[in-house]
Amino acid sequence: MSPIDQLLELHAMSRPAAFAVLPALVLVVFAIVTLLADLLELGSSRGPAEGQAGPTIMAPWLAMTGTAIAFGAVVWQWLRLEEEAGLYFNGMIALDGFAVFLTGVVVAATLLTLLLTVGYSRRHNVDLAEYYHLILMAAVGMVLLVEAANLVMVFLGLEVMSVSVYILTGFRRTQLRSIEGALKYFVLGAFSTGFFVYGIAMVYGTTGTMDLAEIGTRIATGPPAPLLLAGVGLLVIGFGFKVALVPFHMWSPDVYEGAPTPITGFMATGVKAAGFAAFVRVFLSTFDALADQWVPVLWVLAVLTMLVGNVAAIRQDDVKRMLAYSSIAHAGYLVVAMVAHNALGTAAVLYYLAAYTAMTVGAFGVAVTLSGRGAERTSISRDYAGLGYSEPLLAAAMAVFMFSLTGVPPTAGFVGKFYIISAAVDAGHVPLAVLLVVASVISAYYYLKVVVAMYMTSPSSAGSDAGPTHAHLGALASTAILATVVAVLGMGIFPGEWIDMARASVEGLATAAARLP
Amino acid sequence: MTGVDLAFWFFGTLAVVTSVLVITNRNPVASVLFLVIAFFSLAALFVTLHSHFLAAIQVLVYAGAIMVLFLFVVMLLNLGQPQWFDVQARPLVIVAAALGAAFVGLLWKGGLLEWTPTVTGPAAGVPEDVLGSVEAIGSALYTVYYLPFIATALLLLIAMVGAVVIARRER
């Protein structure tokens, strides 16, 4: 036997399966087709001149078709989960309930973003094929991140997702804020990636493997090495940056403000959900044995994130900045569920991510349809004044999202917070649960400010010089907003099936399921 | 102390010192040249770890091709005013340095130097004569690390598309 044969023997492929990465595969194929289809359009009568980039025609439809098929693939994975669950690509990819549930969330967020973005990108001159290509590629990164079962895959998924989103943030190149946001995001993102890789290196250095399950078994016995703890700490920083936990949140308001509004919605939902997926998998499953060490750290981060996010949001008048701080606050609620460190808490993370995605995409959807042409109109006190009378249906939808973000029954936001609080109380973190309620009360102030502006002020009294805001509500954007309203109310009024689904999904995370109450 | 240990400490120190010089130097061209030295030191470290192929690639790709591109960009931008790179917030630099020192101190106190690896990496079991060779890396890339390999290709595609998008003409 030659040395090469021995090596191949050693690294024998085990279970390569397209099925496990089917949603990502579909998205990649359509992302590349989107890019290539643009070549066919170039030189047609579409552009201003031959060979010049003009508005794209096919790209949005191709992107939406691809994402819809990818969602179908997720459903197929869910239906065949019992037969197909397991590790694929030599343990790089885990196909389990947790992965499939959150893949569904991020693919749905991508689809809603695409529905919202078509009209917007025409109005704001960003309707290039590359724009849709990058949205699909970001979704590929999210799917890989959600399914990753190896630190190498976590890192690559994170980077594929982040690099696409950096570029999307700076897509409106003529807008100074967009450039500022993209540059900040890129520089700070690269910096946080450094922390993340350093953390991976330390974990690898102490355990000798990057396989998440294998790390878990190797650290289960004996006291943890100091180097391993340092690595875990650095990973907290890396994840904390990606999901915007205080004090690693500084970039988020500027980036959210500068990015095109649909992309902001995409960042607040898809990027955050995928980041939390890997965060939860790495900490609640792999580093379960080190819970005594990381739970206090996350406890402090949760408290800071909830307080700073909510207090800072009070002063914002720009709807995108307000939602940026609100998304920081919601990341804090999700960390509370992680701190609870029981199966109910993990299920609550899944339910809350789905609920949060629906309500936040919806809120950003309303902001997208109101953003107008040219410079975006995003001031709450001026541009949202009197909306309840000029656009009654849209204002009603926005009110639903605001109530849901506050956590008022019968919306999904209320049920999500209820489960997080019960998980925290179950785990004995009563002060944290109390703090979550206090934070929600603070948040009511700025969420209801939007409702007050819409229903209790008129555009003239608010001192708007540009006249009442006009909504650009196309069929696609209407569909997206309607779908999110239905989802928010549906998940709020009939939470049973959803929470059952979330609980069933969590069983894939072996160590967390061992604590089922 | 064996020769390998000596080489590790020498090139390791060189890499750290030149990396610090890269970010503290005010002249961008000098920064790039220090980066070349840092990359060479890394290549030397790879050699001490029996990764000859990686060392060669490190020199060819990073110290060679990428550095030439860096120099081109630096020269094309023609940064005549290196003051732009001045760090304005001195107090923040001090805070950052203190936190960094605290992190290193914590590792030190945690027994970093006494720590010896107790587990063996994936290199264990690999035949001595293929360790670090092109074959070893190739077979690892196309078997165990097949999916990360593909994902890296996607990442490069995204970077390329991004460069085109950012450099495009405004219509």
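Analyst: Domain bounds here come from an automatic or database domain assignment, and for chain B that assignment gives domain 1 (1–93) and domain 2 (127–171). This is a predicted model, in which local features need pLDDT of at least 70 and side-chain atom pairs count only at pLDDT 80 or more, whereas totals for chains, interfaces and linings use all residues. Residues are numbered from 1 along each chain as its sequence is written, while chains are lettered from A and ligands numbered from 1 in the order in which they are written.

User: How do you know which residues of domain 1 of chain B are in contact with domain 2 of chain B, and how many are there?

Analyst: Two residues are in contact if their C-beta atoms, placed from the backbone, lie within 7 Å, and by that criterion four residues of domain 1 of chain B touch five residues of domain 2 of chain B.

User: What makes α13(A) roughly parallel or antiparallel to α14(A)?

Analyst: Helix α13 (residues 291–314) of chain A and helix α14 (residues 319–340) of chain A pack at an angle of about 155°, with their axes 8 Å apart. Angles under 35 degrees count as roughly parallel, over 145 as roughly antiparallel, 65 to 115 as roughly perpendicular and the rest as oblique, so α13(A) is roughly antiparallel to α14(A).

User: What is the share of buried residues in chain B?

Analyst: A residue is buried if 20 or more other C-beta atoms lie within 10 Å of its own, exposed if 12 or fewer, and partly exposed in between; of the 171 residues in chain B, 16% are buried.

Notes:
Axes are lines fitted to C-alpha atoms, for helices over the stretch in contact, and angles run from 0 to 180 degrees between N-to-C directions. Helices (H or I, at least four residues) and strands (E, at least two) are DSSP runs, numbered from the N terminus.
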